[in-house]
Amino acid sequence: MTNRFQINLANYLPYLINRVGAAMVASFTAEALVRNGLSIDMWRVLAALSNNGEQRQVDLSTMTSIDASTMSRLVTRLGKMGFVLRQRSKTSSREVVVELSPKGIALVQRTIPIAHALEETAIAGLPAKELVVVKRALRHFYDNLIKAR
């Protein structure tokens with residue numbers, strides 16, 4: 001039986017997830033982001049745009065799990081850096097649509113291989129079937145937590 005007032009971090013899921021995430025973010029930041037003046041949140045926006053094309057700013061917030069006010073600041077900063085273009089939506093003057101600029105496309109093309117290599121390093125030795133289960137479980141955990149809010 002587990003003592004309610006003790007916690008073994010070596011076997012505590014939130015700690016394990018955070019530990020892996022922090023290590024990956026630190027490595028990716030050092031290898032790919034610092035030289036381009038980007039934060040991990042900025043890169044997530046660029047990656048989401050690269051994968052999904054032009055997006056409404058509100059949809060980018062959902063895709064990247066970044067709150068709307070932070071997203072607005074990130075998009076403004078990325079625009080000033082020349083990585084994204086933003087314009088008012090054709091369907092609603094209140095909505096902003098964001099897309100990668102040519103400079104943003106070039107940056108993503110340079111950094112995605114680094115992201116893939118980092119993932120390969122992290123999963124080295126893990127059978128493909130287990131990786132599928134891990135990724136499915138992580139998506140499930142996230143969905144549970146969002147529903148519980």
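These are my notes from looking through this structure, from the overall layout down to single residues.

**Overall layout.** I kept in mind from the start that this is a predicted model. I counted the elements and got six helices and three strands. Walking along the sequence, I wrote down the order as α-α-β-α-α-β-β-α-α. For the extent, I took a box along the principal axes, and the C-alpha atoms fill roughly 60 × 35 × 30 Å.

The protein has 149 residues, and 27% of them are buried. The exposed surface comes to about 10400 Å², with carbon and sulfur atoms supplying 57% of it. I also looked at contacts with a separation of 6 or more: 49% of them join residues 24 or more positions apart. Then charges: I have 20 positive and 11 negative ones, and their mean positions lie 4 Å apart.

**The core.** Which residues touch the most other members of the largest nonpolar core? I found Leu 38, Val 45, Leu 46, Leu 78 and Val 84, out of 26 residues in that core. At least two residues each come from helix H1 (13-33), helix H2 (40-52), helix H4 (68-80), strand S3 (96-100) and helix H5 (102-123). H2 gives the most, with seven residues.

Setting aside residues up to four places away in sequence, Leu 78 touches Leu 38, Met 42, Val 45, Leu 46, Phe 83 and Val 84.

**Helix H3.** Next I went to H3, residues 57-64, and asked which of its residues are buried. My list is Gln 57, Leu 60, Ser 61 and Thr 64. They sit on the same side of H3, because they cover an arc of only 105° around the axis. What do the buried residues of H3 pack against? I noted H2, strand S1 (55-56), H4, strand S2 (84-88) and S3. Following H3 comes Ser 65, and I jotted down that its phi is positive, near 60°.

**Arg 56.** My last stop was Arg 56, which belongs to strand S1. Is Arg 56 buried or partly exposed? Its relative accessible area is 32%, so I put it down as partly exposed.

Conventions. Residues numbered from 1 in each chain as written. Predicted model: local features only at pLDDT ≥ 70, side-chain atom pairs only at ≥ 80, totals over all residues. Heavy atoms only, no water. Core = buried A, V, L, I, M, F, W, Y, C linked by side-chain atoms within 4.5 Å. Buried < 20%, exposed > 50% of the residue type's maximum accessible area, 1.4 Å probe, protein only. Helix = DSSP H or I, 4+ residues; strand = E, 2+ residues; numbered from the N terminus. Contact = heavy atoms within 4.5 Å. Arc of directions from axis to C-beta. Areas by Shrake-Rupley, 256 points an atom, 1.4 Å probe, with all protein chains shown as cover. Lys, Arg positive; Asp, Glu negative; His and termini not counted. Charge placed at Lys NZ, Arg CZ, Asp CG, Glu CD.
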